[in-house]
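Work through the exercises below with the sequence and the model in view. Each task is followed by a solution in steps.

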Amino acid sequence: GGQTSYQLVGVATRPQPTPIPRPHMEPGSSVLAILSNHDPRAWTGSACDGGANATCNLRLFEAAIARGAAAGAGAVLFPEGYALSPDFGTEPWISPAGATPCAAARTTQGDSPLQSGLACAARRQRVAVVANVLVRMGGGEKQIREVVIDAAGAVVSSYGKRHLFPSERWPLGFSPSSDAPTVAPLLGGRVGLLICYEGVYPELSGDWSQVDGPPTRAKPRGSGFR
């Protein structure tokens, strides 16, 4: 088939006096909004201090989704899970492909407000969301997982980080996933999912198997997207 092209719109985290202008659209292109200039630990005052960072970051992500949708974006992309949970807290994983996390915030293992909140925001704004969350799997292991949510709030694809940065194993205690290289549908095209360190892992290891395939890759990193 044909190749999908993407135009990028930065979604700043500070309030702006005017709406984000809609970009000029080339025929056959789609608009991606990307969160920029976000310091997940910068909260001060009231309920946004300390352990409430994740709650306040989620509110900011929801606002970014709304701003991206208002700018005409078909999808909003977010950084690696530390941008939501800078204190490395995890929640139960409820977002396999086919799930509707907006309707399933509570599980027998506890609440999953971040996954649910992102899916609800996607459905509310009618825009796809590509986000990264720190989660606990059914067996108790902690993983770093990417989730692709469509404009109806349903999960169309997910992927767990296979190649962890050394500090993510110890002392943070995350486990690598056994997921196969994953391709997700997005805005009429396909994107391969990589997470942060996995973008340089092929150069370090000589193993290019994970990135052979589609020309477009969604790669969240700790401070943004490449």
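**Exercise 1: a salt bridge and its place**

In this predicted model, the side chains of Arg-145 and Asp-179 meet in a salt bridge, with 2.7 Å from N to O.

Solution. 
- Step 1. A salt bridge is a side-chain nitrogen of Lys or Arg within 4 Å of a carboxyl oxygen of Asp or Glu.
- Step 2. Helices (H or I, at least four residues) and strands (E, at least two) are DSSP runs, numbered from the N terminus.
- Step 3. Buried means under 20% relative accessible area, exposed over 50%, and partly exposed in between (1.4 Å probe, protein chains only).

Residues are numbered from 1 along each chain as its sequence is written. Local features need pLDDT of at least 70, side-chain atom pairs count only at pLDDT 80 or more, totals for chains, interfaces and linings use all residues, and side-chain values use heavy atoms, with hydrogens and water left out.

**Exercise 2: other salt bridges**

Task: how many salt bridges does a search of the whole structure find, and which residues form a network?

Solution. 
- Step 1. The search finds four salt bridges.
- Step 2. One of them joins Asp-87 and Arg-41 at 2.9 Å, N to O. Asp-87 is in the loop between strand S3 (75–77) and strand S4 (91–92), while Arg-41, 46 residues apart from it, is in the loop between strand S2 (29–36) and helix H1 (53–70).
- Step 3. Asp-87 is partly exposed at 40% relative accessibility, and Arg-41 is partly exposed at 47%.
- Step 4. Lys-161 and Glu-80 form another salt bridge, at 3.0 Å from N to O. Lys-161 is in the loop between strand S9 (155–160) and helix H3 (166–169), and Glu-80 is in the loop between S3 and S4, 81 residues apart. Both residues are buried.
- Step 5. Through shared partners, salt bridges join Glu-80, Lys-161 and Glu-168 into one network.

**Exercise 3: backbone angles**

Task: which peptide bond is cis, and what is the phi of Phe-88 and of Leu-187?

Solution. 
- Step 1. Most residues other than glycine have a negative phi, and most peptide bonds are trans.
- Step 2. The bond from Trp-170 to Pro-171 is cis, with omega near 15°. Pro-171 is in the loop between H3 and S10.
- Step 3. Phe-88 has a positive phi, near 70°. Phe-88 is in the loop between S3 and S4 and is partly exposed, at 32% relative accessible area.
- Step 4. Leu-187 also has a positive phi, near 55°. Leu-187 is in the loop between S10 and strand S11 (189–193) and is partly exposed, at 27%.

**Exercise 4: the chain as a whole**

Task: what are the mean pLDDT of the protein chain and the share of buried residues?

Solution. 
- Step 1. The mean pLDDT (the predictor's confidence in each residue, from 0 to 100) is 80, and 71% of the residues reach 70 or more.
- Step 2. Buried residues make up 49% of the 226 residues. Phe-78 counts as buried, at 0% relative accessibility.
- Step 3. The chain has four helices and 14 strands.
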